[in-house]
Amino acid sequence: MGSLLRRITHSLNSFKPNTQLIHTNSTPNNVVRAICDSFKSGWSWDALTSKFACVNLDAKLVENVLLELKDPNDAKRALGFFHWVSKRKDFDHGVWSYSITIHILVRAKMVMDARALMESVLKKNVGDSLKFSVVDSLLSSYEVTASNPFVFDLLVQTYAKMRMIETGFDVCCYLRERGLPLSLISYNTLLRVVERSERNALVWKIYEHMVERRSYPNEETVRILIDALCKEGELRKYADMLDRIHGKRCSPSVIVNTSLVFRILEEGRVEEGMVLLKRMLQKNMVLDTIAYSLIVYAKVKLEDLGSAQQVYEEMLKRGFRANSFVYTLFIEAHCKAGRIDEAQSMMNEMGNMDLKPYDESYNFLIEGCAKASRVEESVNYMKQMMEIRFIPSLGAFNEMVGKLCEIGDADQANAMLTKLLDKGFSPNEITYSLLIDGYARKGKSDELPKLYYEMESRSLSPGMLVFTSLIKSFCQCGKSEEAKKYFRIMKDRSIAPSISTYEIFLVNHFEQGNTERADCLSTNELVLQD
């Protein structure tokens, strides 16, 4: 308690002047004493009002009476005085008198009454400019009331109850900056309300703050975070990732802790992630093999492949097994750098070590090979992936489709799409636009309406990209009337044509020698004749 008081005393130096204690030398002591004695004698409110009708109630007098009644034995009288003053027309309680009364009630363990006053003062002080007015006042009045640290837990819990979650978290951080720890119960209360409010990003922000400040989770914390992962649809992702690293299912606490570090690293906050990971390791909150794998991920994220390799080798020297997660990280790094041979070598090593590649292992190679114009190898990896019932990522598939269409093999790309559709794959507008362009290169204009109607049948509304591809493709195939047809559909659906769409028609008219119609064409209007 002594150290906490010293922290609070030290923090008072930074507060604004309007939160300092009001001195009451000018208040007649006999008036204060008379009011206190009347409350101690159990006078009724009517009798009190009659006796002190001529007394000018001001902030100084109210403060002095409350402080005279600060002993826990007088807490009910202090509360009675607070409410009696509230009924007087000539006085309105400010944050300061609320704070003193709340401290008195908390010290006397009258938590229900303290919470009611806390809710009342928070409702009266809403807004960014008043965000810290209540906590500042509570801090300033802490010593003079000989209060209890629980008052700050009650404050945060009340913010949570009132769904003022962002301000509640800001106050948590504000108190921590002043060396005032909160209980795990307060953090869990805030986390649960935030999780139920479906503010998942804030859930993880609060948990990061907790670990940074060495407030470590209990079973309730882990339950809340698992619920948050379920709502995000991310629980399976992290459980599978840890299966690949550790080789078997990890405990819920390890899953949530790994999830937090991984999120921070994904955001590019590598240094913060490493500091947090070190703290977790010291508390055995993550396993060593997971920590090594996350460090490799961080190094790869920083594009420091040499350091990543060194960490991996150290991991092996310490007796930890290689895992498919780390291998896939190296495959990704090599593919992004265009080192396809090295990436394929890593893939082959995985097979030799009886490590199972997973969907991302294949996705990186499919996309990497396609970008390197090694189309046949890209297709082979796609086929391997489909054989073991993995579904490719949309980005990897579209990259491969684009390259197949470039080399005039739109039929193979379309055939692979048909197979994947049966397995639950969801293409997008880019997929169909690439196929339309691919068939146009081969002059197969009959395939274009089929792709359009396939999109419609799958409730994929064609947008400007697809309509532009259709118009361009029909013009290339010499079917300008079909191009006009889709242009009309496009306009009927209130899809504004782009400048490039008009340019397609302009070029088409000139190529056909229709200079008069080309002259009628502008970027604002296209005159179509039936």
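Colleague: Why are H19 and H21 called roughly parallel to each other?

Modeller: In this predicted model, helix H19 (residues 324–336) and helix H21 (residues 359–371) pack at an angle of about 10°. Angles under 35 degrees count as roughly parallel, and H19 and H21 are therefore described in that way. Their axes are 9 Å apart.

Colleague: Which residues in H19 meet residues in H21, and how do they divide into nonpolar, polar and charged?

Modeller: From H19 come Thr328, Ile331, Glu332 and Cys335, and from H21 come Glu360, Ser361, Phe364, Leu365 and Gly368. The residues of this contact comprise 4 nonpolar, 3 polar and 2 charged. Gly counts as polar and Cys as nonpolar in that division.

Colleague: What puts the buried residues on the same side of H20?

Modeller: The buried residues in H20 are Ile340, Ala343, Gln344, Met346, Met347 and Met350. They cover an arc of only 155° around the axis, and therefore lie on the same side of H20. The elements that cover them include H19, H21 and helix H22 (375–387). Just after H20, aspartate 354 takes a positive phi of about 60°.

Colleague: What makes serine 186 buried?

Modeller: Serine 186 has a relative accessible area of 1%. Buried means under 20%, so serine 186 qualifies. This residue lies in helix H11 and touches Asp153, Val156 and Gln157, not counting residues up to four places away in sequence.

Colleague: Why is threonine 221 also called buried, and what is it in contact with?

Modeller: The relative accessible area of threonine 221 is 0%, and the cut-off for buried is under 20%; threonine 221 therefore counts as buried. Leaving aside neighbours within four places in sequence, threonine 221 is in contact with Leu184, Asn188, Leu191, Tyr207 and Met210. Threonine 221 and threonine 189 are 32 residues apart in sequence, yet their C-alpha atoms are 9.3 Å apart in space.

Colleague: Which helices do the buried residues of H13 pack against?

Modeller: Threonine 221 is in helix H13, where Thr221, Val222, Ile224, Leu225, Ile226, Ala228 and Leu229 are buried. The buried residues of H13 pack against helix H11 (184–196), helix H12 (200–212), helix H14 (235–246) and helix H15 (252–266). H13 (residues 219–232) has 14 residues and reaches 20 Å from its first C-alpha to its last, close to the 20 Å expected.

Colleague: Why is alanine 146 called partly exposed, whereas serine 459 counts as exposed?

Modeller: Alanine 146 has a relative accessible area of 36%. Partly exposed lies between the 20% limit for buried and the 50% limit for exposed, so alanine 146 is partly exposed. Serine 459 stands at 67%; exposed means over 50%, and serine 459 therefore counts as exposed.

Colleague: Where are these two residues found, and what is the phi of each?

Modeller: Alanine 146 is in the loop between helix H8 (133–140) and helix H9 (150–161), with a positive phi near 50°. Serine 459 is in the loop between helix H26 (447–457) and helix H27 (464–476), and has a positive phi of about 55°. Most residues other than glycine have a negative phi.

Key: Residues numbered from 1 in each chain as written. Predicted model: local features only at pLDDT ≥ 70, side-chain atom pairs only at ≥ 80, totals over all residues. Heavy atoms only, no water. Axes fitted to C-alpha atoms, helices over the stretch in contact; angles between N-to-C directions. Helix = DSSP H or I, 4+ residues; strand = E, 2+ residues; numbered from the N terminus. Parallel < 35°, antiparallel > 145°, perpendicular 65-115°, else oblique. Contact = heavy atoms within 4.5 Å. Buried < 20%, exposed > 50% of the residue type's maximum accessible area, 1.4 Å probe, protein only. Arc of directions from axis to C-beta. Expected span 1.5 Å × (residues − 1).
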